[in-house]
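This report takes up a single protein model. The sequence and coordinates come first, and the text follows.

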Amino acid sequence: SSKLFILGRSLGGAVGFHLAQYAEQQNIKVAGLIVENTFQSISRMVDVLMPFLTPLKCFVLRIGWESEKIAPKLKMPILYLAGSHDELVPHQHMKDMYMVSKTSSIYPRLHVVKGGRHNETWLQGGKEYWSSFRSFIVDAFKVASGENEIAPREADDLPSLSLDMGVETEHPSTSGAIPIMPKNFMGMAKEATVRTHHEGSKKQN
């Protein structure tokens with residue numbers, strides 16, 4: 001099974017959806033897709049950010065980034081990380097795409113950070129954010145290895161993986177458009193792979 005995850009946030013989430021679709025169409029193995037505070041389409045964002053252009057969209061838009069059309073087609077595991085108070089992308093976009101993903105994805109998950117804003121959700125989410133991130137990676141590997149039933153778990157029951165990334169804070173000062181994301185994401189995926197393989201070997205014995 002693949003150790004590769006696609007990760008994208010905001011506009012990067014739209015790129016992630018298109019890359020995931022390409023991977024499935026080309027039979028390229030991908031362990032899962034993780035998106036944070038992304039949108040359904042550029043057209044819908046125009047309606048939100050520049051409603052005065054709505055009547056002219058058909059003349060001015062040259063790109064679509066229509067993730068909402070891809071979400072219900074993807075079979076791979078998908079994790080939606082959403083801030084409930086996203087001031088840029090309406091929170092409903094993430095919820096709607098999660099709902100349509102439930103019709104096709106073998107393992108769709110949604111984690112909502114209460115009060116999370118567009119650029120700071122990953123900082124505001126604290127321990128629960130990273131626990132959701134971590135458990136999705138572990139469970140995605142399990143699904144890929146043939147375990148169809150993944151039991152719900154509390155944060156304290158999650159496998160112990162290295163999480164030397166990010167900062168937990170109640171009032172983050174970071175407000176840049178492109179926050180620094182985890183540095184050891186690949187190490188995290190590698191540990192999850194080793195753990196899943198180890199657990200599978202135990203069951204066979």
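The model is predicted: local features need pLDDT of at least 70, side-chain atom pairs count only at pLDDT 80 or more, and totals for chains, interfaces and linings use all residues. Residues are numbered from 1 along each chain as its sequence is written, and side-chain values use heavy atoms, with hydrogens and water left out.

**Helix 1**

Helices (H or I, at least four residues) and strands (E, at least two) are DSSP runs, numbered from the N terminus. Helix 1 covers residues 11–25, 15 residues in total, and reaches 22 Å from its first C-alpha to its last. Buried residues in helix 1 are G13, A14, G16, F17, A20 and A23. Here buried means under 20% relative accessible area, exposed means over 50%, and partly exposed lies in between (1.4 Å probe, protein chains only). These buried residues pack against strand 1 (5–9), strand 2 (32–36), helix 4 (67–70), strand 3 (78–83) and helix 5 (91–101). After helix 1 comes N27, which has a positive phi, near 60°.

L7 sits in strand 1 and is partly exposed, at a relative accessible area of 37%. Contact means heavy atoms within 4.5 Å. With neighbours within four places in sequence left aside, L7 is in contact with I34 and F133. The C-alpha atoms of L7 and G32 are separated by 8.7 Å, and the two residues are 25 apart along the chain.

Nine aromatic pairs are found in a search of the whole structure. Rings of Phe, Tyr and Trp (its six-membered ring) pair if their centres lie within 6.5 Å; planes under 30 degrees apart count as stacked, over 60 as edge-to-face and the rest as tilted. Two of the pairs are listed here.

| Pair | Centre to centre | Angle between planes | Class |
|---|---|---|---|
| F5 and F141 | 5.5 Å | 80° | edge-to-face |
| Y80 and Y98 | 6.2 Å | 75° | edge-to-face |

The pair of F5 in strand 1 and F141 in helix 7 (residues 126–144) links distant parts of the chain, 136 residues apart. F5 is buried, with a relative accessible area of 6%, and F141 is buried at 3%. The pair of Y80 in strand 3 and Y98 in helix 5 also links distant parts, 18 residues apart, and both Y80 and Y98 are buried. Ring pairs join F5, Y107, F136 and F141 into a cluster.

**Surface patch and loop**

V48, L49, M50, F52 and L88 make a nonpolar surface patch of about 450 Å². Accessible areas come from the Shrake-Rupley method with a 1.4 Å probe, and for residues only the protein chains shown count as cover.

F52 belongs to the loop between helix 2 (42–49) and helix 3 (57–60). F52 is exposed, with a relative accessible area of 61%. T54 also lies in the loop between helix 2 and helix 3, but T54 is partly exposed at 31%. Leaving aside neighbours within four places in sequence, T54 is in contact with V46 and D47. R44 is 10 residues from T54 along the chain, and their C-alpha atoms are separated by 9.0 Å.

Notes:
Patch = residues over 30% accessible without salt bridge, like charges linked within 9 Å, V, L, I, M, F, W, Y side chains within 5 Å. Salt bridge = Lys/Arg side-chain N within 4 Å of Asp/Glu carboxyl O. Expected span 1.5 Å × (residues − 1).
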